[in-house]
Amino acid sequence: MAAHPIFRSSFISTQPLHQNTSTVHANTPHTLLPIRATATFSDPPSAATSTKHRRPADENIREEARRHVSSHNFSAKYIPFNAELTSTESYSLDEIVYRSRSGGLLDVQHDMEALKKFDGEYWRSLFDSRVGKTTWPYGSGVWSKKEWVLPEIDSDDIISAFEGNSNLFWAERFGKQFLGMNDLWVKHCGISHTGSFKDLGMTVLVSQVNRLRKMNRPVVGVGCASTGDTSAALSAYCASAGIPSIVFLPANRISLAQLVQPIANGAFVLSIDTDSDGCMQLIREVTSEMPIYLANSLNSLRLEGQKTAAIEILQ
């Protein structure tokens, strides 16, 4: 998808992938997005909906979530990337569309006016009320901010491992010795279920793909070109959702741990005798032979601001 992926060179395929895909039996939710867009405002989301409720012993957290439907009516949409303020071109996030009418990239915008009806204290209180809870899907560090991420998705469509919410480390010695700081705290983004910070974005991508598949959209698989991080996250979340995945990896250039993950998760893995750029070039060559559409998004979790690509295949 154009706006949510936090991963390097991935594609969503609408052609069947001939493979066996295993399912990881786990509660398997890049990213707070640049936001602006049109939405219809109704009642505010209630903090009470995120409070942990006592549920029947024979009911799981997904089933419990189905009984608590959010009353908010926030929404988001695709618009042309870097669109002019006068542009009226937009698309639903549920449309399979990869480029603007001019052939440019797409971005996601949320309705800031609707969100601004609630002050910072309200949002802080709501988000804090969800931290550490097992209420689906708000126990995730990503989906605890669902209204700011993918507001229209049904909670039952979300694929999450309650990622995020990893703690800060107090780097006392390093701060004092090298930076002259008494109180330096460090966020270690490698502490995640797959060892990849891309879990934080992959939960959004795969959740939206899961939603589209439930809506009978022609999307049957997801794939990527990766040196390890993307493939680890992609294969894990796709396995949890029961969605076929395919991975292009450069041979002998990734760690054994990151090679094992996509294989163990049932992804169809192709080890190519080239580097990461070569894998991406291979995909570009494939796009010249098949009806494949490219869509880019900014990877906001990479310090260098590197652009990522999603390659989508249409029937």
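Mentor: Rings of Phe, Tyr and Trp, the last by its six-membered ring, pair if their centres lie within 6.5 Å. This is a predicted model.

Trainee: How many aromatic pairs does the count come to by this rule?

Mentor: The count comes to 11 aromatic pairs. In one of them, the ring centres of F74 and W123 lie 6.0 Å apart with the planes at 45°, so the pair is tilted.

Trainee: Which parts of the chain does that pair link?

Mentor: Distant ones: F74 sits in the loop between α1 (61-66) and β2 (76-80), W123 in helix α3, 49 residues apart. Both F74 and W123 are buried.

Trainee: And F118 with W123: at what angle are the planes?

Mentor: Their planes stand at 85° and the ring centres 5.8 Å apart, so this pair is edge-to-face. F118 counts as buried at 11% relative accessibility, and W123 does at 5%.

Trainee: Which residues form the aromatic cluster?

Mentor: One cluster is formed by F74, F118, Y122, W123, F127 and W148.

Trainee: Back to α3, then. Which of its residues are buried?

Mentor: In α3 (residues 120-130), W123, L126, F127, S129 and R130 are buried. They span an arc of only 160° around the axis, which puts them on the same side of α3. E121 and D128, on the other side, are exposed.

Trainee: What do the buried residues pack against?

Mentor: They pack against α2 (112-115) and α4 (146-149).

Trainee: New topic: how much space lies in the largest cavity?

Mentor: About 50 Å³. Its lining includes S92, D94, L150 and R211, and divides into three nonpolar, two polar and three charged residues.

How values were computed:
Residues are numbered from 1 along each chain as its sequence is written. This is a predicted model: local features need pLDDT of at least 70, side-chain atom pairs count only at pLDDT 80 or more; totals for chains, interfaces and linings use all residues. Side-chain values use heavy atoms; hydrogens and water are left out. Buried means under 20% relative accessible area, exposed over 50%, partly exposed in between (1.4 Å probe, protein chains only). Helices (H or I, at least four residues) and strands (E, at least two) are DSSP runs, numbered from the N terminus. The arc is that of the directions from the helix axis to the C-beta atoms. Contact means heavy atoms within 4.5 Å. On a 1 Å grid over the protein atoms alone, a cavity is a set of points where a 1.4 Å probe fits but cannot get out, and a pocket is an open set with protein on both sides within 12 Å along at least five of seven lines; lining residues have an atom within 4 Å of a point. Grid points are joined across faces, edges and corners, and a volume is the space filled by probe spheres set on the points. Ala, Val, Leu, Ile, Met, Phe, Trp, Tyr, Cys and Pro count as nonpolar, Asp, Glu, Lys and Arg as charged, and the others, Gly among them, as polar. Rings of Phe, Tyr and Trp (its six-membered ring) pair if their centres lie within 6.5 Å; planes under 30 degrees apart count as stacked, over 60 as edge-to-face and the rest as tilted.
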